[in-house]
Amino acid sequence: MQSEMARPLIHAVVEVPEVFVTTGEGQRLGGDVRIGDLSGDGQVDLLVYRCADGGMKPCFMGAFNLRGEPLWSAGEGGQQPARPMSVAIHDLDGDGNSEVVCLWHVGDGDADETSLADIVVQVRDGRSGEVKQQAAPAEITERRGEGSNWVHQRLLIANFRGTDTPRDLVVKLGDTVVALDETLQVLWTYRSRWHEYGRCPAYIPSVGDLNGDGVDEVNGGYFLLAADGEPLWEAQIGEHMDSVAITEWDNGQMRAICSGFGQVMDEQGEAVLRLGPELVPHGQEVRIADFRDDLPGPEMVVRYDGHRPQVRVVSSATGQVVDELSLNESPNNTGMVEVDWGGPDQRAMLFNGGWLWDLQKREGIPLPELPPPRGQACHRMCWYHCIPANVCGDQREEMVVYDPCTPTVYVFTPEPLDEPAFGGYVSGPRQYNARLMD
């Protein structure tokens, strides 16, 4: 019997504290958002940040709780980030308290948006915002770039050394991937030889233990890197490699998921699945989850024709397209997110542009009281970002939803809310390495 999708309820509408709000092009905005337990009280907190130099270099951040109460702030000014940038919340040193890890604009010299000469890497105490560690590795500060791949910069948490918890960093800068440990020492650097638009590696790489050796690999779509940075394979396997993942696919096997031409790759670079350019001419986004309980194993949802609402659903059991549908139109047609809306043992739902979709029933509903995104007033694109997390109640996931060009964050929870069942916020890769957009 098919279960019904639980109705979304607004658990919280959180206004970014007024002291953290700025204006851009006549628009009041907060900036991009990350989530984590910054204060150590077992509840999720929010971190808003803005960027300098074309919206690419974090220069302001402000922490606050779900009641909208300020916790701390650092820096000043800034504008809406051009894309989700290099900021993450994670317990990097394993002491039980969260840190904020980020690139940070120090404003030295004449560097513009094509240069990172005025950037440092920082680790800040999540409780106070104070800088615990700072470094300016030449492997990062000497990087130069421009174009679509350059503007998609990101910092991810990984485990390259087999530590008991993930304590390493991946910094993606255009054609370059730099790995650092928790002391901000460079572990290795990898540079891709492909640069052309539509024929370059993924804008945002993905990390995960693909081969079960206890350490993470890095999937860039055109390459798979071992934990020491050495390529396990390199190949320009498809155009528009916009989105990637490392996750379970066939019979529990971990695979490298690649949006370009809709491919699933193994550790040796052999295609387990290749849909090809006829079915996936422009693989803008790809997400993997158990979206249908009438089919065995997880399914792939691929936005197969660029920035359009059409998606194809692919079964891991057969490798065949089992459905095709058009999601709701959103201004940029990016930002699909899988959500464990019914809990870890139920089929997943799909967030897209302010709607929640049940792909088994082919039905979507708009989230209640969510206004349309207003990003085009201060940025050439606009969208809603969604971070899934267990924020309140039972083990079903909530959705933390925000438009980075407004000062409001929404938390939606599935009905009914059982608040006494909440055991405290626990962060995982889908929170500290949230995809947000590709």
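Are Trp194 and Tyr222 buried or exposed? Trp194 is buried, and Tyr222 is buried as well. Here, buried means under 20% relative accessible area, exposed means over 50%, and partly exposed lies in between (1.4 Å probe, protein chains only).

This is a predicted model, in which local features need pLDDT of at least 70, side-chain atom pairs count only at pLDDT 80 or more, and totals for chains, interfaces and linings use all residues. Residues are numbered from 1 along each chain as its sequence is written, and side-chain values use heavy atoms, with hydrogens and water left out.

**View A. Aromatic pairs.** The count comes to seven aromatic pairs. Rings of Phe, Tyr and Trp (its six-membered ring) pair if their centres lie within 6.5 Å; planes under 30 degrees apart count as stacked, over 60 as edge-to-face and the rest as tilted. Trp194 and Tyr222 form an edge-to-face pair, with 5.4 Å centre to centre and 80° between the planes. Trp194 lies in the loop between β15 (186-191) and β16, and Tyr222 in the loop between β17 (217-219) and β18 (223-225), so the pair ties together parts that are 28 residues apart in sequence. Strands (E, at least two residues) and helices (H or I, at least four) are DSSP runs, numbered from the N terminus. Elsewhere, ring pairs link Phe20, Phe60 and Phe64 into a cluster.

**View B. An open sheet of four strands.** The strand order is β1-β34-β33-β32, and the pairing is antiparallel. Two strands pair if DSSP finds at least two bridges between them. Strands β1 (8-15) and β32 (385-389) are the edges, and each pairs on one side only. From one strand to the next, the twist averages 20°. Axes are lines fitted to C-alpha atoms, for helices over the stretch in contact, and angles run from 0 to 180 degrees between N-to-C directions. Between β33 (residues 398-402) and β34 (residues 408-414) there are four bridges. Val401 has Tyr410 in β34 as its bridge partner.

**View C. The largest pocket.** This pocket holds about 1,100 Å³ of space. On a 1 Å grid over the protein atoms alone, a pocket is an open set of points with protein on both sides within 12 Å along at least five of seven lines; a cavity is a set where a 1.4 Å probe fits but cannot get out; lining residues have an atom within 4 Å of a point. Grid points are joined across faces, edges and corners, and a volume is the space filled by probe spheres set on the points. Of the 48 lining residues, Ile246, Thr247, Ile288, Glu338 and Arg430 are the closest to the centre. Strand β20 gives the most to this lining, with five residues. By class, the lining has 26 nonpolar, 11 polar and 11 charged residues. Ala, Val, Leu, Ile, Met, Phe, Trp, Tyr, Cys and Pro count as nonpolar, Asp, Glu, Lys and Arg as charged, and the others, Gly among them, as polar.

**View D. The second largest pocket.** Its volume is about 290 Å³. Of its 15 lining residues, Asp91, Gly96, Asn97, Ser98 and Ser427 lie nearest the centre. The lining divides into four nonpolar, nine polar and two charged residues.

**View E. Cavities.** The structure holds three cavities of 30 Å³ or more. The largest cavity has a volume of about 60 Å³. Its lining includes Asn149, Lys172 and Phe223. The second largest cavity holds about 50 Å³. Strand β12 gives the most to the lining of this second cavity, with three residues.
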